[in-house]
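Thanks for coming. I will keep this short and go from the chains down to one strand and back out to the domains.

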Amino acid sequence: MANEKFDAIVVGAGPSGNAAAYTLAKAGLQVLQIERGEYPGSKNVQGAILYSDALEKIIPDFRDDAPLERHIIEQRMWMLDEHSFVGTHYRSDDYNKPPYNRYTIIRAQFDKWFSSKVREAGALLICETTVEHLLMDGERVMGVHCDRLGGDVFADVVILADGVNSTLARKAGFHGELSAKNVALAVKEILFMPEETIQARFNINEEEGVVIEMMGSVTEGMVGTGFLYTNKDSLTIGVGCMLADFKSNPNRTAPYALLEKLKQHPSIAPLIEGGEMKEYCAHLIPEGGFNAVPKVYGEGWMIVGDSGGFVNAAHREGSNLAMTSGRLAAETVIQAKAAGKPMSARTLKAYKDALDQSFVMKDLKKYRRLPEVLEKSPQFFTAYPGLVNNAAKTLFTVDGVDKMTKQREVMGSFTAARSLRGLLGDAFRLWRATR
Amino acid sequence: MHIVVCIKQVPDSAQIRVHPVTNTIMRQGVPAIVNPYDLFALEEALRLKDEFGGRVTMLCMGPPQAEDALRKCISFGATDAILVTDRAFAGADTLATSYALAAAIRKIAQEQAVDLVFTGKQTIDGDTAQVGPGVAKRLGLNLLTYVSRVVKVDLDARRLQVERRAEGGVQLLDTTLPSLITMLEGTNEMRFAGMDDMLRAARFPVRRWNKEDAGIEDLTKIGLKGSPTVVSKVFGPTPRSQKADLMSVVDTSLNDVTLNLLDKIFTQHPLLEEEIVSQLSV
Amino acid sequence: MSEAAKPAAPRPAGRAGRNMELPEHLKAYKGVWVFIEHDRGQVHTVSWELLGAGRVLADKLGVTLHGVILGGPDEPLDSFAKEAYAFGADTCYVMRDPVLKGYRNEPFTKGLTDLVNQYQPEIVLLGATTMGRDLAGSVATTLATGLTADCTELNIDGTTRALAATRPTFGGSLLCTIMTLAYRPQMATVRPRVMPMPRRDASRSGTITEATLGMIETDIVTKLLAFIPDAKRNTVNLAYADVIVSGGKGLKHPDNFKLVWDLARVLGAEVGATRPVVQAGWVEAERQVGQTGKTVRPKLYIAAGISGAIQHRVGMEAADVIVAINTDANAPIFDFAHFGIVGNALQVLPALTEAFRARLTPQIRKVA
């Protein structure tokens with residue numbers, strides 16, 4: 001009984017850990033999953049959008065019993081200044097044709113459901129247990145040591161799915177300290193509201209959902225975004241900024257203060273009016289992108305999910321990359337086992353290769369310059385929102401001033417703020433960062 | 001020694017909120033836990049098992065997900081676990097619940113005679129403390145409630161001594177086995193499960209009994225049918241017609257607010273000031 | 001007694017599978033009974049409180065109110081009966097027997113059950129004390145009838161003449177009204193201090209009906225070997241305090257509870273606390289005010305850093321004057337407090353302490 005050996009140990013029961021454990025267990029491997037929280041998801045926080053594509057590849061019929069809030073039919077992108085916003089909306093009835101592409105979810109319930117699937121598939125799950133360090137034999141990971149009596153468990157491979165602030169990987173030397181420049185701190189609230197009110201305010205029907213992504217004055221010049229999602233009978237509203245920016249902000253604005261300000265914005269306040277706060281939480285989000293992805297495999301170990309920095313900040317996608325990385329890691333192990341290969345770094349390299357060939361690394365690579373560009377170009381968060389909003393105001397206000405004058409006024413404001421060179425430079429930088 | 005411990009899986013009521021509009025309970029996301037009072041009963045049972053050897057069988061009447069609660073008890077060291085689950089039990093009040101549990105314990109005793117039954121003092125969702133006494137009565141077990149300490153157990157002489165909390169003091173009671181003990185909270189400290197126990201619990205095949213397996217013969221005694229008490233309505237508390245006289249310290253100095261408050265209180269309740277002063281003068 | 005899974009909107013009578021109609025043979029059950037709890041020569045005041053409540057119920061039903069007293073032959077049961085009349089009882093059933101000296105479940109269950117079967121009351125009330133709850137559960141199960149625990153309100157339903165017992169549910173978040181429509185007697189327990197103490201009328205008198213238990217000591221398996229009284233040190237007398245200052249989780253840190261003690265000292269008050277605070281170990285369990293703690297009826301109750309959830313509310317809302325301090329203007333406590341300060345208790349408490357001290361201390365008369 002003591003010092004048992006498994007095919008694989010998965011540390012963490014969040015989306016990436018569950019994806020890995022499920023895939024492994026379904027293939028008949030002996031999997032032990034270890035979660036430090038009271039129950040799966042208790043330590044997890046997310047804005048809460050589920051990307052069907054990633055989950056479909058793991059549990060094709062997830063829609064049968066997964067707790068899903070609303071399927072998203074409209075995406076709104078807003079650029080806010082203090083009192084106004086300029087926005088672009090995309091809404092399509094195509095999104096109403098099943099199978100639906102994105103859903104809003106409530107993390108606590110979703111993780112519980114996913115975890116029950118993992119256990120149904122045959123994996124063993126223990127909670128309230130923390131893996132204190134990895135058991136190493138030289139470079140090779142042999143297993144884990146937990147904070148319970150007799151807490152050494154061995155496995156052919158250990159998959160680290162223990163989140164953005166993984167101490168395990170750090171302790172083992174697989175990656176360095178988390179830099180404040182590579183992580184964002186986000187806070188969110190869930191506000192309770194009757195279904196009918198949500199549907200009336202957001203112009204949707206039952207089961208339909210809206211996502212609003214915001215940037216601009218909400219982050220007081222710091223690099224970050226805000227978001228508002230419609231759940232079945234609640235709204236999720238949140239804001240997050242680079243941790244480094246919070247630290248260097250002369251006003252020392254706290255994250256929850258930012259959220260309060262967002263909630264009071266004249267365009268947001270009416271949408272959330274009457275909502276009763278049901279949950280408040282904060283979390284760190286990896287933002288370093290491609291350049292911050294550490295080594296994700298080694299002798300007897302792999303890293304999946306936030307711990308590997310698999311978050312596409314530009315598109316605010318994280319859980320789909322997490323689940324996909326979990327699945328790919330599991331598939332690598334399954335193939336290796338079937339071929340009788342040892343879980344060496346050479347074998348596990350196939351995981352990284354699979355990642356590189358998937359959208360995960362391809363998207364991260366595409367946006368690899370974005371973090372740096374944004375860091376060096378605060379004007380996207382300071383000057384532009386104001387400029388764009390004022391431009392809109394000027395052009396849409398009918399006050400007897402002729403249109404040519406208005407046009408010149410708008411162009412003038414932009415060049416005054418940024419100079420022509422600056423404008424072209426900004427356009428170029430943005431193009432480079434996102435191509 | 002064979003001890004049966006009855007537990008209930010309950011929503012963590014500390015986290016339950018009430019919907020501001022519909023007045024219903026918002027139970028989503030509220031984790032289900034082992035009724036905290038039951039853990040003191042379990043720990044006591046495990047201590048006796050450590051001392052005398054034998055088995056601790058967990059018993060729970062509940063929906064399928066209550067299996068997690070039983071599993072947790074296995075991780076602390078319980079030997080076996082049975083979940084009595086059946087749609088027919090839905091809506092049971094404490095009389096119907098004690099009927100079902102008593103039937104199940106009789107079944108368990110057929111496999112191995114039961115020396116002691118433990119329950120927690122009460123549940124945090126029902127708070128009635130009635131199921132323990134009900135089960136004892138039905139099984140003809142000596143009832144020992146609010147037990148703060150098991151003083152001694154003599155398996156050969158079939159005798160048991162406990163300390164029982166009463167008003168103003170503690171009763172020292174001596175009785176025979178088998179008995180049913182409802183355990184007071186704060187009487188012991190739960191042990192920390194080792195890795196072996198956690199793995200054993202994760203793998204443990206919790207037994208599931210439906211009403212037939214539990215030996216229930218009279219269906220009119222379970223579920224809604226077997227519940228004499230009827231919930232005629234559920235409601236939120238009515239706010240008083242007059243809301244509180246509120247003062248804020250935001251715009252007014254703290255000093256002014258407190259002086260203002262004392263003035264208001266003692267002007268509206270003149271006798272109060274005199275009463276407080278009299279008490280202080282004693 | 002209900003732990004129904006999902007209480008819905010009011011259920012209409014005659015719902016499939018449930019007997020909501022009182023069978024003919026049970027319609028003969030008449031009268032309201034109150035179990036008079038006593039120990040070592042003293043009656044627990046909850047019994048008098050229940051006589052007060054019982055009187056109201058009996059009057060509404062037009063029936064008589066009875067005290068039920070079980071005890072040893074050398075205990076002052078007759079004087080207990082006299083007191084019971086003073087507090088509203090019409091008659092008392094008295095069962096004297098050596099085996100009833102000192103509470104034990106077995107003889108008391110048999111005694112009360114036999115009395116009920118013989119004299120057939122429609123309602124039986126007991127205090128929700130350790131004795132009352134021990135006894136009520138056993139008796140209700142023996143009689144196979146409905147028992148509702150920890151009621152905060154007792155009424156008679158006009159249409160059915162049934163007892164409508166209200167109690168908190170779901171850990172105290174909501175209230176529910178429970179009835180036992182098809183079984184008799186209807187049993188209920190009520191916590192001490194929930195019902196007001198009735199007026200004592202020494203001119204009232206009544207009659208005693210003697211009853212026999214029919215058990216001998218050798219029948220009874222459980223022996224009471226000893227009673228160990230609690231040490232007198234620091235007994236917390238929360239239930240009967242006139243002024244109480246309570247603190248909740250809004251105080252953030254156990255060290256801050258000192259501010260509650262400071263104010264209590266100036267007011268000569270007892271200190272109370274909410275369940276989360278007690279569970280976190282900031283103060284001893286005896287100080288818990290609320291549904292699973294103590295019910296209090298002080299003249300002045302000051303609640304600092306307490307949100308006012310029902311669990312706590314039902315324990316103190318009968319206070320004459322309630323003052324609440326909370327940073328959240330929408331906290332439920334302001335729905336039923338009389339006065340409120342919207343502010344941080346950590347600052348308000350010291351200010352209040354000073355204000356009370358400045359006002360009251362000069363008035364204190366020193367006893368020469």
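Predicted model: local features only at pLDDT ≥ 70, side-chain atom pairs only at ≥ 80, totals over all residues.

Chain contacts to begin with. Two pairs of chains are in contact, and of these, chains B and C share the most contacts. Chain A and chain C do not touch; between them, the nearest C-alpha atoms are 11 Å apart.

Now to strand 18 of chain C, residues 339–342. Which strand of chain B pairs with strand 18 of chain C? That is strand 15 of chain B, residues 245–248, and the pairing is parallel, with four bridges. Within that pairing, Gly340(C) is the bridge partner of Leu246(B). Strand 18 of chain C also pairs with strand 17 of chain C, residues 321–326, again parallel and over four bridges. There, Val342(C) stands opposite Asn326(C).

Are the faces of strand 18 covered or open? Both are covered. Phe339(C) and Ile341(C) are buried on one side, and Gly340(C) and Val342(C) are buried on the other. To put the two together, Gly340(C) is buried and is also the bridge partner of Leu246(B).

Last, chain A. Its domain assignment gives domain 1 as 5–67 + 105–176 + 294–357, domain 2 as 181–286, and domain 3 as 371–434. The C-alpha centres of domains 2 and 3 of chain A lie 25 Å apart. In the contact between them, seven residues of domain 2 meet six residues of domain 3. On the domain 2 side, the residues that touch domain 3 are three nonpolar and four polar, with no charged ones.

Terms used
Residues numbered from 1 in each chain as written. Chains lettered and ligands numbered in written order. Buried ≥ 20, exposed ≤ 12 C-beta atoms within 10 Å, placed from the backbone. Pairing = 2+ DSSP bridges. Domains from an automatic or database assignment. Nonpolar A, V, L, I, M, F, W, Y, C, P; charged D, E, K, R; others polar.
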